[in-house]
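The sequence and structure come first.

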Amino acid sequence: MSGIQALERKAADLPLSPGHIQRREFEYIRHGTQTLIANFDVVSGQVVAASCGNTRTEADFVAHIEQTITSDPEATRWHFVVDSLNTHRSATLVQLVAEHEGLDINLGVKGKSGILKSMKTRTAFLSNPDHKIVFHYTPVHASWLNQIEIWFSILYRKLLKRASFSSQADLKTRLLEFIDYFNRTMAKPFKWTYKGKALSI
């Protein structure tokens with residue numbers, strides 16, 4: 001979840017009073033943004049090994065995956081559902097997976113040869129079901145198929161929608177505190193079904 005704004009209201013909200021709804025200050029001060037990279041464990045319903053920082057680069061995502069894998073040394077397999085963002089199919093990510101798989105092979109040269117040659121060849125390697133670390137890519141424009149998107153909507157409604165943050169550090173602290181609170185009090189698997197009207201022409 002990128003571009004989470006640390007917005008501070010210029011004045012405090014006016015509280016509820018008889019005959020009046022709570023009134024919110026419309027002017028705000030911008031303090032920059034934070035990016036939250038998180039994993040939603042579909043079995044427990046908890047958010048795992050969240051990373052919060054200023055950017056969402058290839059290095060940030062690889063560091064996050066490394067942090068996630070090391071958070072549970074007993075795990076024998078990892079399945080990550082991600083969208084098709086280029087940082088989710090990077091050369092650095094291929095190198096990380098190859099290292100964890102114990103593969104002593106020539107990965108090639110980015111943009112020229114081998115597994116690292118193109119986005120297509122890297123995606124094929126990263127989504128190989130024989131690996132211990134497997135990435136599953138949602139179709140283009142269908143990131144909503146990833147359950148973390150449901151959790152992001154909870155985060156927005158419960159924390160971000162009406163909050164005021166004094167700095168990026170304040171935003172980061174409150175994001176991580178909310179994740180801890182969510183895991184302790186609200187976490188449960190989503191009943192993820194679709195029972196709406198069937199699509200038709």
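## Burial of an aromatic residue

Phe182 has a relative accessibility of 3% and therefore counts as buried (under 20% relative accessible area, with exposed meaning over 50% and partly exposed in between; 1.4 Å probe, protein chains only). Trp151 is also buried, at 0% relative accessible area.

The model is predicted: local features need pLDDT of at least 70, side-chain atom pairs count only at pLDDT 80 or more, and totals for chains, interfaces and linings use all residues. Residues are numbered from 1 along each chain as its sequence is written, and side-chain values use heavy atoms, with hydrogens and water left out.

## Aromatic pairs

Seven aromatic pairs are found in a search of the whole structure. Rings of Phe, Tyr and Trp (its six-membered ring) pair if their centres lie within 6.5 Å; planes under 30 degrees apart count as stacked, over 60 as edge-to-face and the rest as tilted. Phe80 and Phe135 are stacked, because their ring centres are 5.2 Å apart and their planes stand at 20°. Phe80 belongs to strand E4 (residues 78-82) and Phe135 to strand E5 (residues 133-137), so this pair ties together parts 55 residues apart in sequence. Helices (H or I, at least four residues) and strands (E, at least two) are DSSP runs, numbered from the N terminus. Phe80 and Phe135 are both buried.

An edge-to-face pair is formed by Trp151 and Phe182, with 5.8 Å between centres and 80° between planes. Trp151 is in helix H4 (residues 148-160) and Phe182 in helix H5 (residues 168-185), so the pair ties together parts 31 residues apart in sequence. Trp151, Phe152, Phe178 and Phe182 make up one aromatic cluster.

## His131

His131 sits in the loop between helix H3 (119-126) and E5, and is buried at 7% relative accessible area. Leaving out residues up to four places away in sequence, His131 touches Arg77, Val97, Glu101, Leu103 and Phe125 (heavy atoms within 4.5 Å). Its side chain reaches the backbone oxygen of Phe125 at 3.3 Å.

## The sheet and its helices

An open sheet of three strands runs in the order E1-E2-E3, with antiparallel pairing (two strands pair if DSSP finds at least two bridges between them). Strands E1 (4-9) and E3 (47-53) are at the edges with a single partner strand each, so one side of each has no neighbour in the sheet.

Helix H4 packs on the sheet and touches E1, E2 and E3; its direction makes about 145° with that of E2 (axes are lines fitted to C-alpha atoms, for helices over the stretch in contact, and angles run from 0 to 180 degrees between N-to-C directions).

Methods. A polar contact is a pair of N or O atoms within 3.5 Å; within protein, one must be able to donate a hydrogen and the other to accept it, and residues adjacent in sequence count only if both atoms are side-chain atoms.
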